Amino acid sequence: MDTLVAQLQRQFRDYTISLYHQGFLDDQFTELKKLQDECSPDFVAEVVSLFFEDCEKLIGNMARALDQTGNVDFNLVGSSVHQLKGSSSSVGAKRVKGLCITFKECCDSQNFEGCVRCLQQVDIEYKSLKAKLQDLFNLEQQIVQAGGRIPQVDI
Amino acid sequence: MFQSFLSQLITDMNWAALNNPNPEEKEPKSSDFYHLGAIDLPEKPRKIDFWRSGLMGFAKMKQQQQQLQHSVAVKMNSSSNEQVGNNKKGSTFIQEHRALLPKGLILWTIFVGFISRGIYQWMDDSSKVRREEVLVSMCDQRARMLQDQFSVSVNHVHALAILVSTFHYHKNPSAIDQGTFADYTARTAFERPLLSGVAYAEKVVNAEREMFESQHNWVIKTMDTGEPSPVRDEYAPVIFSQDSVSYLESLDMMSGEEDRENILRARETGKAVLTSPFRLLASHHLGVVLTFPVYKASLPKNPTVQERIAATAGYLGGAFDVESLVENLLGQLAGNQAIVVHVYDITNASDPLVMYGNQDEEGDTSLYHESKLDFGDPFRKHKMICRYLQKAPIPLNVLTTVPLFFGICFLVGYILYSAGVHIVKVEDDFHEMQELKVRAEAADVAKSQFLATVSHEIRTPMNGILGMLAMLLDTELSSTQRDYAQTAQICGKALIALINEVLDRAKIEAGKLELESVPFDIRSILDDVLSLFSEESRNKRIELAVFVSDKVPEIVKGDSGRFRQIIINLVGNSVKFTEKGHIFVKVHLAEQAKDGAESNGVVSEDMIVASKPSSYNTLSGYEAADGRNSWDSFKHLVSEEELSLLEFDTSSSNVRLMVSIEDTGIGIPLAAQGRVFMPFMQADSSTSRTYGGTGIGLSISKCLVELMRGQISFVSRPRIGSTFWFTAVFDKCEKCSLKKPTVENLPSSFRGMRAIVVDAKPVRAAVTRYHMKRLGINVDVMTSLRTAVSSVTGRNGSSPLPLGTTKLDMILVEKDSWISTEDIDSEIRQMNSRTNGNVHHKTPKLALFATNITNSEFDRAKSAGFADTVIMKPLRASMIGACLQQVLELRKTRQQHPEGSSPATLKSLLTGKKILVVDDNMVNRRVAAGALKKFGAEVVCAESGQVALGLLQIPHSFDACFMDIQMPQMDGFEATRQIRMMEKEAKEKTKLEWHLPILAMTADVIHATYEECLKSGMDGYVSKPFEEENLYKSVAKSFKANPISDLSCSQS
């Protein structure tokens, strides 16, 4: 039992570190984790799921806006990107945030191709992050189920 | 313009026109460009106007100002044709008519030529008039004289006639015969120099001829042939003749036509008559024959012609040599060379006969004068014509005056011309420069933008670095690690400051820099600076120390950033150029320095050189350039402080500080000392290669010092070192305290402790003592470790003095003193063990000061009992504090670690508070809420400004509001404005003052945003995502500042 927990814990630690190293997450995520305590045990999961919902909605909006050939409202796209940037920096989704910055620039310069490219990348990126975080939460759950404590991971 | 631009762009990219409500935002570059240009305008043209109007006095300043503005505006907005036209009008009269300049010069030259000609004419005329006058007077004079001479001669002939009449006819028998006459006339010939000879012819009528001829024994002959005269009515044979004309004897004078007429005329008039001129026989000169009648009896008064003829006895005649006469006459007069004289017989006016003068010798035909001559013969008329021999020469004054006049006028014209050309050129240059200036201004704007962009780009990662460092400092660190991390943080902050300074440099150059006036702690600033350079100085093994006189107030008001910048500059230079020895920063009042200098007298450089001791009483023992920091004067400073600590002059409201930075570096070559404060000047080019740097630091420092109403100067001796010093005036700030506690708040747990500092070098000891004093530790200085040890252990009979009575907490040993004292280790160990054994005495802790320490030395120190308490220099109060805390195990009471304490404080601040979080971003809202909840606050969320307004209808129970700035529909600024308005209305209605602290949440924390926040009524801002420290600061500030919120809290 203990070996399982230890293994899971190590796995969790490695996975978390890899997420940081690969640039999916940044310190804000750590901060977020710090905010989670007994009073709000699912705080991170809640915020993250909010974030992904937000992502989905915004990406949908942007896709629609960019789909209108010849009549693209870049302001609309820009404000969505800004929202997305704010959200991603709040949860510490580093890659998404980085993409958003590029996206915003494309938007400002009304670079249609750039925008479409960025949108695609953001879509991919947030989905992969979602998958990774899903994995991470699954691991957490497993640890909890196995009766272990979720280890503190220092980056 | 923008619309057309955009639509152009869009059609280019095959996109339909889009609804851009705010096109300026899309084109920040051009709009900013325009904006900045427009703002800068009104000041700059004035400067140019000044010299421009100086150059051309007639230009109207106001007009030009307008034109300049136009011209700049044209650059900004070149589509406005009207303004281009206005710009053209900026050229002046001269510039507009530049093509006329050469024509003007030519016209002027011609005009001057005419004038010169006129002047010449006038002068020539006047000289001609003068010449004529001269000629007239000369001619008249000659004529008069000739006339006189002639009449004299005639008179003589007259006299001769009377003689003949008297002695030949009135005597009987005649008293005169040929012999007598010849003799007499020969003897009186001097009286008639011009008469070649005289002869007397008697009037013989035909009836008397026989008698006459027989009487004289000769026949009357004719003049032409010498033959006996044919029969005539009357004869006039010569009876008496002068010897020179003896050939005339017996010739009948009436036989010659002319002579006969003469004779007839003479006897009719009774006067001398003249013949027309003819060549005389003897001399071939032109001459006339003068004939004078001799009457027998005395005539009645007014005789008639008949009476005269009847009374005629004979005729006296003489040949008059006119040529000789005139010649003679002219010879007597001055200036006869200059004029040509002609005498004419003009009896027959149509055919004037020359009496005198060479007909070929014309002379100056242009000018002549005629004078009438009267030789006493009314029948004949004569005249004299005078001419100048030479043509009138052009007078010298005319020759000089006219060309001179022409030359001067031409030169004046040329000068005006070239001035005009020059003005045109200057004007052209001016316009060109104006254009360049506009371009330069544009470039300047671009540069500023670039700087702003770059600095912003640098700031972003720097914020990351600083944040990480702050987090690092929150973790458990050893004192060294902590110091490193703190140094890194300070460096990072300095870098941020530097970026601001780069921006400010432009301001300095433009003279727009304004110093701020905030209270600050000089000592902590100096500590910061020291820590910046501590690593470098340690690596170079140079001692870096700071000393602030106790008289310097704790807190002064001034521009701490600038002050710090100056010191960093100077210390940075010192560190750069120093390889051995020390750098010593000393701050004291300027008045103190004066006193010190007075009491010590000025140490002349010669004296220092002459008395070269092996070691100097400076910080490190190396020689320093300025003697003022040596112990002799320093002692004075220190002792004075102790004596007169309270004599501080509190009357004046400001304080003049003197900061000196002494190093023992390479010094500044004498030749380069003059240009040290010039920008971009280093001692020589090799310096910049060896040491790097641009050399702008000192010039900026100089500007800043001058802004602080101070002076900067230095003393430097090559290879010995430099001492820079500057003064600066700060406001006193006795009552004000610093708003925010300094990061390095000194621990107070050392107050009242005692320590012994062992150091052989008094200056260094004083520095150590200064830092210890700041920690509240009383310090005794001992010069040798041995005496210190013995005084502690109470050996050698020396009473342990204060130690016996009060506790001694620590002994701080300078490494040099320890190394130089041999065999002391065992004693120290002994002392340690002894005191350790003594339960009543608290063990004095041992600590070692060192600039650098080798491993072996470190081991030795450990074994000697210094434990791990080697305090690395440069000394800073906070660092000593940190180290001593470690030694004395005072960690529990540490204060400078915010870790643990700050969240606790934040918690205490926020617990139970009801806070409204307004953010349109769901995720952000959740995170913010989570963070605030963690600190115990009760959080209500609102997803837009309108919702927030609804929630905040007065009365409400919120204690604070965190407001996102960028929100759709209603942004944070607008929401805040409305909230404030509501509060105002509520105040008017209910007389209850409401003020909800509103904090902006924003991702970019630039200054402008902050200002905007304040403008719209916010109380502060927190950066997003939340940082503990930042959050704490903002919250603490606004909560403390608003007791009303507490009130409302308690009400709720």
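**Briefing on chains A and B of a predicted model**

Ser250(B) is buried, with a relative accessible area of 4%, where buried stands for under 20% relative accessible area, exposed for over 50% and partly exposed for values in between, computed with a 1.4 Å probe on protein chains only. This is a predicted model in which local features need pLDDT of at least 70 and side-chain atom pairs count only at pLDDT 80 or more, while totals for chains, interfaces and linings use all residues, and side-chain values use heavy atoms, with hydrogens and water left out. Residues are numbered from 1 along each chain as its sequence is written, and chains are lettered from A and ligands numbered from 1 in the order in which they are written.

**Chain B as a whole**

- Chain B holds 36 helices and 31 strands, these being DSSP runs numbered from the N terminus (helices H or I with at least four residues, strands E with at least two).
- Of the 1052 residues of chain B, 47% count as buried.
- Among contacts in chain B with a separation of 6 or more, 72% come from residues 24 or more positions apart, a contact being heavy atoms within 4.5 Å.

**Positive phi at non-glycine residues**

- Ser250(B), which is not a glycine, has a positive phi of about 75 degrees, and this residue sits in the loop between β5 (238–241) and β6 (251–252) of chain B.
- Gln110(A), likewise not a glycine, has a positive phi of about 55 degrees; the residue belongs to the loop between α5 (94–108) and α6 (112–145) of chain A, and at 7% relative accessibility Gln110(A) counts as buried.

**Strands and sheets of chain B**

- An open sheet of five strands in chain B has the order β23-β22-β24-β25-β26, with parallel pairing, where two strands pair if DSSP finds at least two bridges between them.
- At the edges of this sheet stand β23 (778–782) and β26 (870–872) of chain B, each with a single partner strand, so one side of each is left without a neighbour in the sheet.
- On average, neighbouring strands of the sheet are turned by 25 degrees against each other, direction ignored.
- Within the sheet, β24 (residues 810–814) and β25 (residues 845–850) of chain B run parallel and are joined by five bridges, and Leu812(B) has Ala847(B) in β25(B) as its bridge partner.
- Helix α23 (residues 762–774) of chain B lies across β22 (754–758), β23, β24 and β25 of chain B, and runs at about 165 degrees to β23(B).
- Strand β18 (residues 582–589) of chain B is mostly covered, with eight of its eight residues buried.
- β18(B) is joined by six bridges to β16 (residues 543–548) of chain B, the two running parallel, and by seven bridges to β19 (residues 654–663) of chain B, the two running antiparallel.
- Val585(B) in β18(B) stands opposite Val546(B) and has Ile661(B) in β19(B) as a bridge partner.

**Helix packing in chain A**

- Helices α2 (residues 27–35) and α3 (residues 43–67) of chain A pack at an angle of about 135 degrees, with their axes 8 Å apart. That makes α2(A) oblique to α3(A).
- Axes are lines fitted to C-alpha atoms, for helices over the stretch in contact, with angles from 0 to 180 degrees between N-to-C directions; angles under 35 degrees count as roughly parallel, over 145 as roughly antiparallel, 65 to 115 as roughly perpendicular and the rest as oblique.
- Phe29(A), Leu32(A), Lys33(A) and Leu35(A) of α2(A) meet Phe43(A), Val44(A), Val47(A) and Val48(A) of α3(A). By class, this contact has seven nonpolar, no polar and one charged residues.

**Positions annotated in UniProt**

- UniProt lists His82(A) for "modified residue: Phosphohistidine" in an unreviewed entry, and such annotations may be inferred rather than shown by experiment.
- His82(A) lies in helix α4 (residues 74–91) of chain A and is partly exposed, with a relative accessible area of 29%. Leaving aside neighbours within four places in sequence, His82(A) is in contact with Lys104(A) and Gln966(B).
- Asp964(B) is listed by UniProt for "modified residue: 4-aspartylphosphate" (unreviewed entry); this residue is found in strand β29 (residues 960–964) of chain B and is buried, with a relative accessible area of 5%.
- The UniProt annotation "transmembrane region" (unreviewed entry) covers residues 105–123 and 394–417 of chain B.
- Over residues 105–123 of chain B the model is 100% helix and 0% strand, with the end C-alpha atoms 27 Å apart, and over residues 394–417 of chain B it is 92% helix and 0% strand, with the end C-alpha atoms 33 Å apart.

Conventions:
Ala, Val, Leu, Ile, Met, Phe, Trp, Tyr, Cys and Pro count as nonpolar, Asp, Glu, Lys and Arg as charged, and the others, Gly among them, as polar.
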